[in-house]
Amino acid sequence: MGTEEGNEQVLASRKHLVFAYYVTGHGFGHATRVVEVVRHLIYAGHDVHVVTGAPDFVFTTEIQSPKLFLRKLVLDCGAVQADALTVDRLASLEKYSETAVVPRASILATEVEWLNSIKADLVVSDVVPVACRAAADAGIRSVCVTNFSWDFIYAEYVMAAGHHHRTTVWQIAEDYSHCEFLIRLPGYCPMPAFRDVMDVPLVVRRLHKSRKELIDDSKEEQRVIWKLKSNDGTLKLTKYNHYVSLISWILQNGPTKRDNEVRKELGIGDDVKVVILNFGGQPGGWNLKEDCLPSGWLCLVCGASDDQNLPSNFIKLAKAAYTPDLIAASDCMLGKIGYGTVSEALAYKLPFVFVRRDYFNEEPFLRNMLEYYQGGVEMIRRDLLTGRWKPYLERAISLKPCYEGGINGGEVAARILQDTAVGKNYTADKLSGARRLRDAIVLGYQLQRVPGRDICIPDWYANAENEFGLRTGSPTAEMTETRSHIMSYTEDFDILHGDLQGLSDTMTFLKSLAELDAVYDSGKNKEKHWIRERMAAAGIFNWEEEIFVARAPGRLDVVGGIADYSGSLVLQMPIREACHVAVQTNHPSKHKLWKHTQARQNAKRQGPTPVLQIVSYGSELSNRGPTFDMDLTDFMDGGQPISFQKAKEYFARDPSQRWAAYVAGAILVLMTELGMRFENSISMLVSSAVPEGKGVSSSASVEVASMSAIAAAHGSYDNMKSFELGGHFHSKIEGLDISPRELALLCQKVENHIVGAPCGVMDQMASACGEANKLLAMICQVRVIANLRTGLLKLF
C-alpha cells in the first residue's frame with residue numbers, strides 16, 4: 001500500500017488476487033457503490049467476480065476491463081416494494097425465504113464449489129448474508145461493506161408478518177457472524193452481528209463530465225491528467241488518486257459543477273433551474289403536470305416508462321443515463337432516501353427534497369445525516385402526488401449544504417480489502433463488547449415491540465445529541481431540580497393561569513418554548529445545525545399571544561394488563577414520564593403558515609380558512625414525519641363532521657403521518673360528541689417523553705394531553721378550573737363540561753375509531769384520572785374507579 005499526503009491510494013500488490021463480490025438484489029444503489037470499490041480493485045491489477053442481479057450496464061458503463069467478471073445470480077431479494085415509496089413487509093420476508101432459506105443447502109454447496117473453482121482470495125458482501133457462511137464453509141475469509149444489515153431491516157417486519165419469521169432474522173445474523181469484519185459506511189444502522197468494524201468515508205461515484213481527459217500512452221504506467229484553470233496552474237493527478245482530489249478540487253475551487261457539459265448536451269441554459277427526479281420507479285397513480293414546477297424550471301426524469309408522455313418542462317432521461325453527472329448538473333434533487341442518493345447529494349452539495357418511504361429502517365439514519373449537513377427538505381407525500389412541489393423546490397435552492405467529509409470511501413475500502421486478502425489483520429478498531437450489546441438491544445427490541453409502533457432509534461444511539469435539552473422518546477430530565485432553580489426560568493415568560501406544581505419536566509418544556517423565539521429570529525440563531533422540527537415549531541407560534549400547555553403521564557400496569565377488555569379489575573399507576581402539548585389559536589388571517597400550507601390555500605382561492613398545524617418532537621429518532629397540517633374544513637362534509645371511518649382513511653393515506661390521528665383526532669371527537677366548531681386556526685407542539693412501544697401507554701398520554709390542551713384553548717379563564725391529579729395538570733372547562741373521566745372516554749374514541757386501535761379504556765383513564773404515588777383501581781365494565789394508597793380505598 002502506498003500513501004500520499006492526504007490521499008489514500010490502492011497500489012498494485014505483488015500478488016495477483018481474486019475477489020468474489022456478492023451484491024444484494026435490493027435496488028441499484030448497492031450495485032452502484034460496489035462499482036466504485038470494484039473499479040479500484042481492478043485498477044490495482046486484481047480480478048473481481050461480481051455476483052449480482054443488476055443489469056450489466058451498471059458495471060460496464062464504468063468499468064471496461066477483462067478483469068471484471070459478471071455472474072447473474074440473486075441470493076437475497078432485499079425489501080419487496082409495492083411501489084416506489086412503500087415496502088411490503090410480509091412479501092419481503094416470504095420472498096427472502098423463497099430465495100435464500102428454502103434452497104439454503106443447495107446454495108451453500110453451489111457457492112462453495114464456485115468459490116473454490118475461481119480460487120477466490122477474499123469474499124466481499126454488500127450485504128448478502130449467505131455469502132459469509134459460504135465463504136466460511138469454503139475456508140475463505142469474508143468482509144462485508146455496508147451501512148445496514150438485513151437482520152436489522154427485517155426485524156421490524158417480523159412484527160407485521162408473524163413471530164414464526166424470527167428464525168429467518170436469527171439465521172441472517174448468524175450468517176453475518178462468520179464475516180471477518182465490517183467495513184462500515186456513513187449513515188449506518190445498528191449491526192450487532194459483526195465482531196469488528198472499520199469506518200470509511202462516503203462511497204461516491206466519480207463524475208464523467210466537466211473535465212477534459214488527456215491520455216499519455218507513451219508512459220509505461222498510464223496516467224490521467226486533468227487540465228483545469230486555477231490560480232495554482234495545471235492540476236496533475238495519477239489514475240490512483242484523481243477521483244477524490246478532482247471532486248474536492250472542483251467543489252472547492254470551481255468552475256461551478258452545475259455549469260458543465262451535461263447542460264450543454266441537453267440544451268439547458270445557465271439561467272434555468274433544474275431538478276432531477278430520482279425515485280427509481282414512480283409511485284402508482286402519479287401524473288406529472290407542467291405546473292408542478294416553478295416558472296422557468298426544468299425537471300430531468302429518471303426511470304420514466306417508454307410510453308409515458310411528459311409535459312414540456314420535463315425531460316425523459318435514458319435508462320442507462322449516468323446519474324452522477326446529471327445530479328452534479330442540477331440545482332436540486334427530488335426523490336426517496338437511499339444510500340446512493342444521499343451520498344451523492346452530500347458529495348456534490350446538492351439540496352435534496354425527499355419523500356419518506358414506509359417501513360424501511362435504514363432511512364432514519366441516512367435522513368439524520370442528510371439534515372445534519374443542511375441538505376434536506378422533506379416533502380409531504382400528498383403534495384408530491386398532487387403536484388404541489390413549488391414551495392419545497394424554492395426552499396431547497398435556498399439551502400447551503402455543508403458536508404466537508406471524505407468522499408473516497410470506495411478507494412479506502414478497496415485498499416482495506418486488498419490488505420485483508422494478502423493476510424493483513426485489522427484488529428485495531430475492534431468493536432467493543434458494550435457497543436455490540438447496545439446494538440443487540442436495539443435489534444432485540446425491534447423483534448419484541450408492539451405491532452403498529454414506529455421504529456424508534458434510542459437516543460444513546462443517535463449520531464448527534466438532542467439539541468432541545470429534552471430527551472424525547474426516552475426518560476426525560478431528572479426531577480431533582482429545586483423549586484428555586486425552576487422559578488429562575490420564569491423570567492423568560494409569564495404564566496397567566498395555572499401552577500407548575502413543582503414539575504421540572506414541565507418547566508423544561510416551557511423553557512424550550514421560550515427558546516423557540518430565538519430560533520425563529522434569524523438574528524438570534526447562532527447555531528449551524530438546527531434540528532428541522534425545532535425550526536418548524538418556531539414558525540407556527542405568535543409569541544405575543546397566549547399559549548396553552550397540558551401535561552399527561554404514561555402509566556405503569558401493576559395488575560390487570562389487557563383485562564380491561566373484559567371488564568375486570570385493574571390496578572394502574574401514573575409514571576414520571578409524560579407528554580406535553582402546547583396549543584395556540586389565531587384568526588385564519590393572522591395565523592402563521594408554512595410555505596407549502598400557504599401554497600395549498602392559495603391554490604383553492606378561497607381566502608384564509610382555519611388550518612391545523614402540528615409539530616411532533618422526536619421524529620429524528622423515528623421514521624415518522626415531524627410535521628402535519630390540514631385544512632380544518634376537511635373535517636366537515638355538508639355542514640356536519642365527517643364520520644370517524646372517513647377520518648381513519650384520511651390519516652392512513654400517508655403512513656409517515658399516521659401519528660397525527662392521535663392528536664388531530666381529538667378535534668373531530670370534540671366536534672362530533674360535544675358539537676364544538678373550530679373557526680380559528682390551531683397550532684400544536686407535541687413533546688412526549690413516554691417511551692413508545694414499551695407498554696406504558698405512550699399513545700394515551702398523547703391523546704389526553706392533546707385533548708386537554710385543545711379544550712383549554714377553546715374555553716375561558718372564567719369557566720376553567722385547574723387541579724392536580726397524578727402530579728400533572730387537568731382542566732375542567734365548565735362551558736364544555738369535560739371531567740377527567742369523560743376526557744378519558746373521549747380519548748378512547750380517538751384511539752378506537754380514528755386511529756383504529758381496539759383498546760380498552762384503562763390507558764386513557766390512568767393518564768387522565770391517576771394520582772401521584774397512588775394505585776388507580778378500575779372495574780372497567782361499569783367504569784368504577786378508585787385511588788388506593790396505604791391500604792385505603794377512595795371512591796369518587
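Strands β8 (residues 122-126) and β9 (residues 142-146) run parallel and are joined by three bridges; strands count as paired if DSSP finds at least two bridges between them. S125 has C144 in β9 as its bridge partner. This is a predicted model, in which local features need pLDDT of at least 70, side-chain atom pairs count only at pLDDT 80 or more, and totals for chains, interfaces and linings use all residues. Residues are numbered from 1 along each chain as its sequence is written, and side-chain values use heavy atoms, with hydrogens and water left out.

Helices (H or I, at least four residues) and strands (E, at least two) are DSSP runs, numbered from the N terminus. The open sheet has seven strands in the order β5-β4-β3-β8-β9-β10-β11, with parallel pairing. β5 (68-72) and β11 (197-199) are at the edges with a single partner strand each, so one side of each lacks a neighbour in the sheet.

| Helix | Strands | Angle |
|---|---|---|
| α5 (residues 129-138) | β3, β8, β9 | about 165° to β8 |
| α15 (residues 409-421) | β3, β8, β9, β10, β11 | about 165° with β10 |

Buried means under 20% relative accessible area (1.4 Å probe, protein chains only). In helix α6, 11 of the 12 residues are buried, so the rest of the structure largely encloses this helix. G162 follows α6 and has a positive phi, near 120°.

Strand β23 (residues 627-631) has five of its five residues buried, so it too is largely enclosed. T627, D629 and D631 lie on one face, F628 and M630 on the other. β23 pairs with β22 (residues 611-616) in the antiparallel sense over five bridges, and I614 stands opposite F628.

Key. Buried means under 20% relative accessible area, exposed over 50%, partly exposed in between (1.4 Å probe, protein chains only). Contact means heavy atoms within 4.5 Å. Axes are lines fitted to C-alpha atoms, for helices over the stretch in contact, and angles run from 0 to 180 degrees between N-to-C directions.
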